[in-house]
Amino acid sequence: MKYVDGVKHSLETDVTWHRTFSLTKRGARALPRATAEYLEDKFPIIGWLPRYDYRWILNDVIAGLTLGIMLIPQSLAYAKIATMPVQYGLMSSWLPATLYAFMGTSKDLSTGPTSLIGLLTAEVVADLTKEGYTAQQVGSAVAMGMGIYSMILGFLKLGFLLDFVSTPILNGFISAVAIVIGLGQVDSLIGEEDVRDGTAHIIHDVFSMLPEANGYTCGIGFGSIILLVALEQIGKRWGNKSKILFYLSILRAFIALLVFTGISYAVNKPRGPDTDNFLFSVAEVEKTVITAEVTDAKLFAKAFPRAIAPFIAAALEHVAIARAFGNRNNYVTDTSQELCYLGLVNLINSFFHSMGVGGAMSRTAVNSSCKVRSPLSGFVTTAVVLISIYELTGALYWIPKATLSAIVITAIWPLIGTWRTYYNYWRTSLTDFIAAMVAFWVSLFVSTEIGIGAAVGWMLVQTLLRQAFSRVTQIGADTPSELARSIDDSRGVPNSIPSDTRIYKINESLFFPNAQRVKQQILDSLQTHHSAQYSSINGSEAERTWSVVGERRIKKLRRAAGVHDAADLPPIRLVVLDWSRVNHFDVTACLKMREFMNEVRKYAGPDVEIRFAGMANHVRNRFDRARPAWNLIDGATLPNNGDGKTSKVEEVRVFNSVSEAVTAFRYNDVERAMEEKMKTERKEEA
């Protein structure tokens, strides 16, 4: 009995058991509604399709056709990077656009094969084909691994783990990958096939074999580059004035493919079926039928650990592109849902001997410039790709390999970061600069997997060391302790806060692991407790409201906060960020703060004022070194407009305390009110 009484007493008094029972009951009550919302979130088309405007169909059809035509040469070229038979690039491209129409949360994002995924897949292919597997079998195993990793993070909402790869690491990694991809295409560009792998070997072999280069191949390759660059520059210079020149520019890869495939057919077809007699190498695209096949279990076991690097790169690129174009066109994307889609599409694609897929920046930019209205354009893109698979393989057979290499080289060139980017990292944060350099040089000369792993490891180690060797502030007889205490006291929150003002204290250092999360928490709070004040400069109503993801998110936040009548919510006029507890700030946080400023102004209108308070000197110095990205103005100094408010995103007024920031804003309100009153009185007297 004593034992039973002891157990009974433990259950009655144990806080953990009480909390477990309480959470279980709450979870059981919320389960039906949460399950329905979860399933609805997995297929966003349920929410936005009923509000689809039939007048958008023309835009979607044009965008779908444009992307489909772009995908044909790009998918062939990126499969070549992955060292797979090029027709499997097309096999990778027919499903993503259609599936994205059901599961995607961005109207602009274009998914399919990318140069980055192609290179990372090629490294695995090079190792596992030695064991007797074909390149397409290895590529599909890598795609399946990417799919499983993405689904785990997406369905369990663990996307925040990607934040441990900072922006400088990602930029250094992508720059190195772009250079490796470009160097890997030089052998096909000049007609030499005995070039060894590895950056140093490629550079040595290319220059040593240059006198023996195939003149016909060089003519096709460099002619393709000249045509591609010329059409690109024409689009940049005159594309905004002429629709014809605009489409000629964005379809430049397809035009180059048509021109040089025609030349190839004319000069090589008469030489007979023996490809050794051709003047230059052709892609030899074979007709393929879409059939499903399960990946070999032993092969998958070997490829699964190696799929981590392609997954990380594809997921980071995909999510970043979705966020960027959502911010640009004023709608909200769902990171977890994008990862769910990325996982499912790669998993299904793997059954068709397809390489991994993800978001592509160039195609997404074209999709947005075509004024696409919804993901329904994906059905048109799929139709174009299927037609090319079943009807055009005979013509695609004659594509010169040098032209595909030229398409790749011109596509990856913008991915290489400029010296100004890395110099800005140097000025802002030495640790971020070192991380970028580790990612760049190790990825360039060793391997991409080791490169990104070493850079992430460096950032984690230096973060732990900074915490382990944190400094303390000493106060003694020779320090102004009373002044220090008075300054700390002055940083307190004012006694009364107006309804149009929000104050947020950042309680930890702001750097790459938490910058995105802190930014999102503040934005969530603003959208929960304040009404939107969208302005005409932020895009049309159609651009902002085609998607329901943002509306659903705000409704959930307000329901959880007990906000029932959204019509009575006040607008937000002043946001104050208290930096008094922040002792570290890095490049990623700098970029996220800039995104935060833009998103707040989009939601609250251009008149919202954002101010900083209580910044430590070394944190402010880091902001100052990040110029021209930021221009911090002392609270006592008026901005250029002279009314105490900042009109530019990069301009922020900084005060010693939160109280000063709020008081100065209200003082300007009083001054403006008095001026308006005086003007009114003068008019009445006149």
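Start with the whole protein chain in view: among its contacts (heavy atoms within 4.5 Å) between residues at least 6 apart in sequence, 81% join residues at least 24 apart. This is a predicted model, in which local features need pLDDT of at least 70 and side-chain atom pairs count only at pLDDT 80 or more, while totals for chains, interfaces and linings use all residues. Residues are numbered from 1 along each chain as its sequence is written, and side-chain values use heavy atoms, with hydrogens and water left out.

Next, colour the chain by secondary structure, which comes to 31 helices and 7 strands; these are DSSP runs numbered from the N terminus, helices being H or I with at least four residues and strands E with at least two. Of the 686 residues in the chain, 50% are buried, meaning under 20% relative accessible area with a 1.4 Å probe and protein chains only.

On a 1 Å grid over the protein atoms alone, a cavity is a set of points where a 1.4 Å probe fits but cannot get out, and lining residues have an atom within 4 Å of a point; points are joined across faces, edges and corners, and the volume is the space filled by probe spheres set on them.

The largest cavity has a volume of about 130 Å³. To find it, select Leu67, Ala97, Leu109, Ser110 and Gly378, the closest to its centre of the 14 residues that line it. Then show helix 4 (57-81), helix 6 (94-103) and helix 19 (377-391), each of which supplies at least two lining residues; the largest share, 3 residues, comes from helix 19.

Notes:
1 Å grid on protein atoms, 1.4 Å probe; cavity = no way out; pocket = protein on both sides within 12 Å on 5 of 7 lines; lining within 4 Å.
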